[in-house]
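Good morning. Please have the sequence and the model open, and I will go through two places in it.

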Amino acid sequence: MLINLFIGAGIFGLPSRAFALADSYSLLAFVICGGLIGLIILCFLEVGSRFPGTGGPYLYARETFGPVAGFQMGWLLWLTRITSFAIICDILLSYLGVLWPDINAGVSRFLLVTLIVSVLTAINYVGVRHAARTSNVLAVLKLLPLVLFVIVGVWFVEPANFEFRQVPNTNTLALAVMVLIFAFSGFEVATINAGEVEEPDKAFPFALFFTLALVLFFYLGIQVVAIGTLPGLETSTRPLADAATVFLGPAGALVIVVGAILSTSGTLNAGLLGGSRLPYAMAQAKQIPQFFDQTHPKHQTPTRSLIVTAIACWLACLSFNFVEALTINSVIRLITYAVVCAALPILRRRSDAPRANYVTRAGPWVAGAALLLCAWLLSRVSAIEIIQVLGAIVIGATLYALVAAKKR
């Protein structure tokens, strides 16, 4: 279960992007990213153990920093779901391009994106049980082609394809680490209910860090095979399928393509499921209009929140390309992770804070190290990307002000 949460469908598209930024040193970027995620997990474990039940970063920010911060966290998390949907949909269309070469051109792209969003909306509309079952089945199936890719591909790796002579500067290395944040996203889901686990100080750290180490090793294997077997990796839009064609032939590449299609479909379904619940939860907390609080009388699904989220995902798929959506998503994720890390020392000092069922050793130092790494990565973001994210934050603040004014 934890491995499925950690290994996202983004790994089908990220190897080429990381290699384009840092060449063979993209392997180092994976290690740095894994280390940062480890620090963030420790912060999530302690902060999450103070809040039993459903909540996550939205709840942590609201209880630690107040309703305005909570609203902004919920808003930004919703935006990560939207941009994640656009990223994964782009990967899905790229792999479908093996079967249908003109899929990403003109009207065909528009129609297919519309069909994908419509089908997934219908699945989620009839109930969370159907949506969750669909996601679970597809999540399990995604691991099989990835395991095949590594186990077979490692025998065809050409050492000459690896170049470590020119060390990348800190800017390009930081950007490579940033895009890989998306590959590890999903760990936070496992930490949200830390307060409900018996003896979390024993169960959670071992399980999470064993899984993180296993997934990091697995990702490094995928990157090694991709670099070692595919010349021109940096320009590939479907790197695993192109690499598999080299050492498995068309039939082997087809297996990877089918696996990528199943994996991305499951991730899109889970993303729409989770994304539609954020406005619903915020409406229940009376932070956004009660319009989003309505549920279907039979299926008990938040229909209005679902439809608005689906429309936003549809627009994002048609508006953003892979790189744009990935950059915005990574920046927003780092901000949300940094807020949770900052909450750890603050909650420790507050006498009215709920008791922590798990206490991170040297917690403030761990949080400080994570915040410094997040700041280093965010400092390498371009001015245009900063303006885009600040614009999203300003829109969130405006929405909060409008809702607050309506209440008064």
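**A helix pair and one threonine**

The axes of α6 and α12 lie 10 Å apart, and the two helices pack at an angle of about 160 degrees. Keep in mind that this is a predicted model. Two packed helices are described by the angle between their axes and the distance between the axes. An angle over 145 degrees counts as roughly antiparallel, so α6 and α12 are roughly antiparallel to each other. The crossing of α6 past α12 is right-handed.

Which residues meet here? On the α6 side they include R109, F110, V113 and T114, and on the α12 side T303, L306 and A310 are among them. Further residues in this contact include Y125 in α6 and W314 in α12.

Now α12 by itself. Helix α12 runs from residue 303 to 319, which is 17 residues. From first C-alpha to last, α12 reaches 24 Å, close to the 24 Å expected at 1.5 Å a residue. Its buried residues are T303, S305, L306, T309, A310, A312, C313, A316 and C317. What covers these buried residues of α12? The cover includes α5, α6 and α11.

Is T229 buried or exposed? Buried means under 20% relative accessible area, and T229 is at 5%, so T229 counts as buried. A polar atom of the T229 side chain lies 2.5 Å from the backbone oxygen of V225. Setting aside neighbours within four places in sequence, T229 is in contact with G153, F156, V157, N161, A243, V246 and F247.

Conventions
Residues numbered from 1 in each chain as written. Predicted model: local features only at pLDDT ≥ 70, side-chain atom pairs only at ≥ 80, totals over all residues. Heavy atoms only, no water. Buried < 20%, exposed > 50% of the residue type's maximum accessible area, 1.4 Å probe, protein only. Polar contact = N/O pair within 3.5 Å; in protein donor to acceptor, adjacent residues only side chain to side chain. Contact = heavy atoms within 4.5 Å. Helix = DSSP H or I, 4+ residues; strand = E, 2+ residues; numbered from the N terminus. Expected span 1.5 Å × (residues − 1). Axes fitted to C-alpha atoms, helices over the stretch in contact; angles between N-to-C directions. Parallel < 35°, antiparallel > 145°, perpendicular 65-115°, else oblique. Left-handed = near helix turned anticlockwise from the far one by under 90°.
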